[in-house]
Amino acid sequence: MCARLGLFVILLAAYAATLGLHATPGQRYTSAEGHRLLSTASIVDDRDLNLRNQYTARAWRAWDGQPLTPTARVTAGRLVEAQGIGYPLLMAPAYAIGGATAVELQNAVLLALAFTLAVALARRLVPEPWATRGTLAVGLSPPALVASTTVAPVAAGALVLTGAALLALDLRAHPRVRGALACGTLLATTAWLDVHLALPGAVIGLAVWRWLRRRHQALAAFVALEAVLTSAVLYLTINERLYGGLTPATPRLAGGPPAGAQDVGDQLGRLLRLPGALLDQDAGALRWAPVLALAAVTLWSLTRSRRERLSAAITDQGDGEIGAATLTAIVAAAVISAAFARPSLSTGTLVPADLAAVLPLLAALVAFALRRSPRAAGLLVAVTLTGSVWLMAGARLDAGAGVAPPRGPLPWGGVERVLPGPD
């Protein structure tokens, strides 16, 4: 218990150090963050999501934000935007107490809790000290530091997915109705926070359903499924009445489909965006957190073990591999969601929200690989943490710098130039 509390305090202190940093040069918040704060302010001030009063009163001046323009058309006399209901409602109490800064702090607390749970998740794959080391390496990486106080459903989504994954693995070993209800309830919140989190949440739900059915726990499986389906029906009903469609994106001003893809060819072409999201010199995930490459080592280890059928001979390793394979599937679902469901992967953060939300799950996979290749992994951890120190120092010392993504000289002497550029 003390170890978990210590880990939480370390992470929260690191995340709190990012409070007040500019997202981009000269601006504390991106336009997307400003719109989320606008919806939150509407809930606090008017008890609704109609933003007409907020635009008239220029509510963004409360957090010294840039001027905003509506992103949706008026529907049934209401101006409601694609931020949805869940995240602004979750942040409303913090905003009422301390404004935008309190919202940032609440996000930091939620992400620190998510990584604290990730240690328990990693311990189901590997023993200590590898579980804590792997979690700290990812939890203190630049993408996690930037995401911690970003006004977005990243931290809340990370906590929900990590908690649901932990409960799912618990249900595999000890199927209980109470655990199934808790897991189903967490999964039921994913679409409310961000519709793009529904796909990785569905992977967890399918795993729970399969494991419970194989253990003849029909009641527990039904309870979990009922929680998810009830939430889904309520979600679609409220969206239809409030936004005039199935999702909050229905009344948006931009033409064309919500995801921006016109046909199957456009969708398949989006696969080409993934290498850039991982390897881009400016905002690639591996460029800023090389330690995440250890997740690929875990995937390779799982593949090799399957071929050699080692898991059948070593029971403990087999259990760990099942957990690692499950986490890999969840992360893969998040990657697919980011690739196909978002119009753009350039979201003003180091890592798209879909991918940042699975950073705690990636931490468990990193811990799995850290045990097998400690020397090479140690080098990647050192490079990643060096980038974190450089990021924080540069953002604090240069008032014109931003962290989404930061610009300027890089901390590792030009080695990153082997990565493809933004063009």
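Histidine 216 counts as exposed, because its relative accessibility is 73%; exposed means over 50% relative accessible area, buried under 20% and partly exposed in between, with a 1.4 Å probe and protein chains only. The residue is not a glycine, yet its phi is positive, at about 60°. Histidine 216 lies in the loop between helix H10 (198-214) and helix H11 (218-243). Helices here are DSSP runs of H or I with at least four residues, strands are runs of E with at least two, and both are numbered from the N terminus.

The model is predicted: local features need pLDDT of at least 70, side-chain atom pairs count only at pLDDT 80 or more, and totals for chains, interfaces and linings use all residues. Residues are numbered from 1 along each chain as its sequence is written, and side-chain values use heavy atoms, without hydrogens and water.

Arginine 58 also has a positive phi, of about 50°, although it is not a glycine. Its place is the loop between helix H3 (52-56) and H4. Arginine 58 counts as partly exposed because its relative accessibility is 45%.

Helix H4 covers residues 86-122. A straight helix of 37 residues would span 54 Å at 1.5 Å a residue; this expected span is 1.5 Å times one less than the number of residues. The end C-alpha atoms of H4 span only 29 Å. H4 has a kink of about 135°, centred on glycine 98. The bend at a residue is the angle between axes fitted to the seven residues ending there and the seven starting there.

Proline 129 sits in the loop between H4 and helix H5 (130-139). The peptide bond from glutamate 128 to proline 129 is cis, with omega near 5°.
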